[in-house]
Amino acid sequence: MIRSHIVGCGAYLPGNPVSNEDLARRVETSDEWIQQRTGIRQRYLAAEGELTSDLAIQAAQRALDHAQVKVGDLDLVIVATATPDETFPATATKVQAALGMTRGAAFDVQAVCSGFVYALSVADSMMKNGMARTALVIGAETFSRILDWSDRTTCVLFGDGAGAVVLRAGDGEGTPADRGVLSNVLHSDGRYHDLLYVDGGPSTTQKAGFLRMQGKEVFKHAVTNLAEVVGEGLTAAGLTTADVDWIVPHQANRRILDGTARKLGISHEKIVVTVDKHANTSAASIPLALTEAVHDGRIKRGQIVLMEAMGGGLTWGASVTRW
């Protein structure tokens, strides 16, 4: 059977790091308040005029370089984002044009913080049915543009950034010993819309609004849903938690990461954590964390890497990969 192999990854952060102390000069908050509740120490914010596509292009080029894959080999570009440059066309088409890719398909996927897992699943499915042989999957966000900077409960949580992976189709035997993406599990439940949403849009206010979140309720659903979907993903792959070498989670909040680990009975040492440096970058958080762990040598060939996320919708999902 065909397996999608992740053959390279890359990341890009804007050149504007903003510490908790910097935010405290703008919002009624403190470094202690933010760190105790979230584990976040800093985040990066896009410069004026710097678009989601700009971040995505930089991450994409770095991923292609790392994979040693030429643009001419690409069949597919998927950008996971909740902060596109425009209502349409898709941000992915701008990335496609900037890279010089003139064939194949490019489109966006919108599942907020779960977006990268959703996009990876779509690319994996398209490769398995023969629609693509080489794909670029990107998570890119400029969440700073949709934050209410007078709301200290939300504006301190998010940052901007982009991460990308390159997938190539390869052969597999259909067993847990295969390299590549072994399973994908996706869920959503629209009844929980009001827990996390943006109060604007082209068919309502005709302009983007601000992010609104019921933090305590989101936390409660996150720990339960993420633990369950991790179990589903491992079962679908024919594996157990004991087989997992690394969990690369959506970097929403350190307490959510810790709570999920406890519920699963997985050592904290197996969790890749970047929320302290990047804050919550929505669809970009998993590929940013993945790139860091691959490039610093923590993630090695043959290891089982589990990616999981939950976002507005509510949406949630998990992907299991043998590196």
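**Entry 1: the strand and its partners**

I began with the pairing of strand β4 (residues 76-80) and β6, which run in the parallel sense over five bridges; strands here are DSSP E runs of at least two residues, helices are H or I runs of at least four, both numbered from the N terminus, and two strands pair if DSSP finds at least two bridges between them. I work with a predicted model, in which local features need pLDDT of at least 70, side-chain atom pairs count only at pLDDT 80 or more, and totals for chains, interfaces and linings use all residues. Residues are numbered from 1 along each chain as its sequence is written, and side-chain values use heavy atoms, with hydrogens and water left out.

I found I138 of β6 to be the bridge partner of V79. I then followed β6 to strand β7 (residues 160-171), with which β6 pairs in the antiparallel sense over nine bridges, and there G139 has G163 as its bridge partner.

**Entry 2: cover of β6**

I checked burial along β6 (residues 134-142) and found nine of its nine residues buried, that is, under 20% relative accessible area with a 1.4 Å probe and protein chains only, where over 50% is exposed and in between is partly exposed. T134, L136, I138, A140 and T142 point one way, while A135, V137, G139 and E141 point the other.

**Entry 3: S282**

I looked up S282 in the loop between α9 (275-278) and α10 (285-295), and I list S282 as buried because its relative accessibility is 1%. Leaving aside residues up to four places away in sequence, S282 touches V112, C113, E141, F143 and H250, with contact meaning heavy atoms within 4.5 Å.
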